[in-house]
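Thanks for coming. I will go through one structure, starting with a term and then moving from one chain to the contact between chains.

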Amino acid sequence: MKKVLITLFVCLAVFIGCTNDKDELLNPFNGDCTGVNASFANDVLPIIQANCQGCHGAGSTNGPGALTNYDQIKNAAARIKNAVVSGYMPKDAGPLPAAEIRKIRCWVDSGTPNN
Amino acid sequence: MKKILVGCLLVLAVVLTGNVTYAQDQDLLKELGSDSVKKEHVKNAFKSSRVIHSHSMEFLGKGVLDVRILHRFGTVDNGIKDLFGLDEANMRFGFDYGLGNNLTVGIGRSNLNKELDGFIKFRPVWQSQGPGSVPFSVVLITGMSLRTQDFPEPQDVYKFKHRLAFYQEVIIGRKFSEAFSLQLNPIYLHRNLVPGTNDDNNIWALGVGGRMKLTKRTAFVVDYTPILSGRQPGTKDPLAVGFDIETGGHVFQLHFTNATGMNEKAFLTSTTSDFWKGEIRFGFNLSRVFTIRKKKE
């Protein structure tokens with residue numbers, strides 16, 4: 001029984017199907033936002049709701065404070081862009097996927113439209 | 001800070017040496033008393049199957065289900081304004097089950113990245129005392145995590161494999177005395193997808209976990225996992241210190257940590273808070289065990 005367990009364990013431990021992919025290479029971005037349709041309502045707000053509102057919910061005093069509506073997010077846009085592009089935010093949750101960073105970056109660079 | 005660390009290591013070394021002597025004395029005294037001493041496995045090296053965030057050398061009994069609820073709150077440095085971080089919470093709930101005394105499986109789900117995780121934990125060597133005893137335990141763990149949160153557009157560049165990360169871990173630990181246990185747990189983590197072009201898909205870390213019993217029901221625990229190579233840029237080594245409190249079938253682990261992640265992939269790759277700069281979070285692990293299958297008489 002013990003031998004069977006050890007064999008099973010080793011088989012599971014030697015996993016198959018590992019890859020060494022890089023998100024930046026899957027989503028190459030040269031800084032050109034042409035063709036990136038970054039919408040506040042459809043892209044930016046859902047990303048912020050999913051990743052930021054744990055710490056930046058209503059009444060938050062962390063960093064730029066609450067990020068729950070357009071005005072708050074617009075006022076903090078430059079800080080948000082810097083934080084997510086550098087990977088500093090979301091705090092303790094790892095950098096956002098490259099495509100999400102690009103949406104935020106392009107939305108800020110296009111003048112934070114309420115679209 | 002280095003001085004404090006060196007001091008701590010020295011204290012640890014002194015305690016450790018003393019306890020080795022103590023353990024040997026205990027063994028010799030036991031052997032004097034009886035001619036028919038039997039080999040006995042050493043139990044309760046840790047109160048829980050986790051030190052704090054890392055796996056411990058401790059196992060569930062056969063047929064025992066451990067329901068685990070874990071919370072990590074926001075950093076305490078904002079003070080009373082957000083009740084020392086209690087306004088923000090991340091959680092993981094999980095179910096561990098002892099298939100045998102040396103084999104445990106578990107699954108869990110964290111809200112961070114909506115991650116599922118699972119593991120198999122096996123103990124080929126169990127510390128024992130008496131004739132033919134082994135002075136330490138060796139535990140092997142293999143596990144994986146699965147991101148269930150949707151990837152952003154364009155989603156077609158992402159495959160299922162990009163949601164996965166794997167880890168392999170070995171724990172070498174010893175219960176030196178009733179009061180003191182120490183373990184080393186090297187971990188290898190592989191992420192199928194990393195954010196940056198220069199980020200390493202493979203991470204090596206060497207965990208150190210210790211437990212010092214304070215009273216019959218409480219213990220002081222330390223869990224530190226320095227990352228040796230492949231560090232995700234900007235991340236820090238996860239460190240947690242706290243207390244285990246045992247009350248009947250429950251074990252409460254109350255602690256302070258810089259890590260929000262509650263599975264291996266999360267705490268090794270996402271800890272950006274710096275413990276030594278006061279970016280500390282309060283957290284707790286709540287463990288409740290249920291005996292599902294009773295032992296045969």
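Helices here are DSSP runs of H or I with at least four residues, strands are runs of E with at least two, and both are numbered from the N terminus. Please keep in mind that this is a predicted model.

By that count, chain A has six helices and one strand. Read from the N terminus, the order is α-β-α-α-α-α-α. Chain A has 115 residues, and 34% of them count as buried. If you take the contacts in chain A with a separation of 6 or more, 60% are between residues 24 or more positions apart.

Next, a helix pair in chain A. The axes of H5(A) and H6(A) come within 10 Å of each other, and they cross at roughly 150°. Angles over 145 degrees count as roughly antiparallel, so H5(A) is roughly antiparallel to H6(A). The crossing of these two helices is left-handed. Which residues of H5(A) and H6(A) make the contact? On H5(A) they are A:Ala77, A:Ala78, A:Ile80, A:Lys81, A:Val84 and A:Val85. H6(A) contributes A:Ile101, A:Ile104, A:Arg105 and A:Val108. By class, the contact of H5(A) with H6(A) has eight nonpolar residues, two charged and no polar ones.

Between helix H5 (77-86) and helix H6 (98-109) of chain A there is a loop, and A:Gly87 lies in it. Is A:Gly87 buried, exposed or partly exposed? A residue needs 20 or more C-beta neighbours within 10 Å to be buried; A:Gly87 counts as partly exposed because it has 19 inside 10 Å. Setting aside neighbours within four places in sequence, A:Gly87 is in contact with A:Pro95 in chain A, and with B:Pro195, B:Pro233 and B:Gly234 in chain B.

Chain B puts 42 residues into it and chain A puts in 33. On the chain B side, the elements that give two or more residues are strand S5 (115-125), strand S7 (137-147), strand S8 (164-175) and strand S10 (193-194). S5(B) gives the largest share, three residues. Sorted by class, the residues of chain B that touch chain A are 16 nonpolar, 20 polar and six charged.

There is also strand pairing across the two chains. Strand S1 of chain A, residues 21-22, is joined to S10(B) by two bridges, and the two strands run parallel. Within this pairing, A:Lys22 stands opposite B:Val194.

Last, some pairing within chain B. Strand S12 (residues 218-224) and strand S14 (residues 239-247) of chain B run antiparallel and are joined by seven bridges. One residue pair to look at is B:Thr218, whose bridge partner in S14(B) is B:Ile245. S14(B) also runs antiparallel to strand S15 (residues 250-257) of chain B, with eight bridges joining them. There, B:Glu246 has B:Val251 in S15(B) as its bridge partner. S14(B) and S15(B) form a hairpin with two residues between the strands, and in that hairpin B:Gly248 takes a positive phi near 60°. As a general point for reading such strands, side chains in a regular strand alternate between the two faces of the sheet.

That is where I will stop.

Conventions: Residues are numbered from 1 along each chain as its sequence is written. Chains are lettered from A and ligands numbered from 1 in the order in which they are written. This is a predicted model: local features need pLDDT of at least 70, side-chain atom pairs count only at pLDDT 80 or more; totals for chains, interfaces and linings use all residues. Two residues are in contact if their C-beta atoms, placed from the backbone, lie within 7 Å. Ala, Val, Leu, Ile, Met, Phe, Trp, Tyr, Cys and Pro count as nonpolar, Asp, Glu, Lys and Arg as charged, and the others, Gly among them, as polar. Two strands pair if DSSP finds at least two bridges between them. A residue is buried if 20 or more other C-beta atoms lie within 10 Å of its own, exposed if 12 or fewer, and partly exposed in between; C-beta atoms are placed from the backbone. Axes are lines fitted to C-alpha atoms, for helices over the stretch in contact, and angles run from 0 to 180 degrees between N-to-C directions. Angles under 35 degrees count as roughly parallel, over 145 as roughly antiparallel, 65 to 115 as roughly perpendicular and the rest as oblique. A crossing is left-handed if the near helix is turned anticlockwise from the far one by less than a right angle, and right-handed if clockwise.
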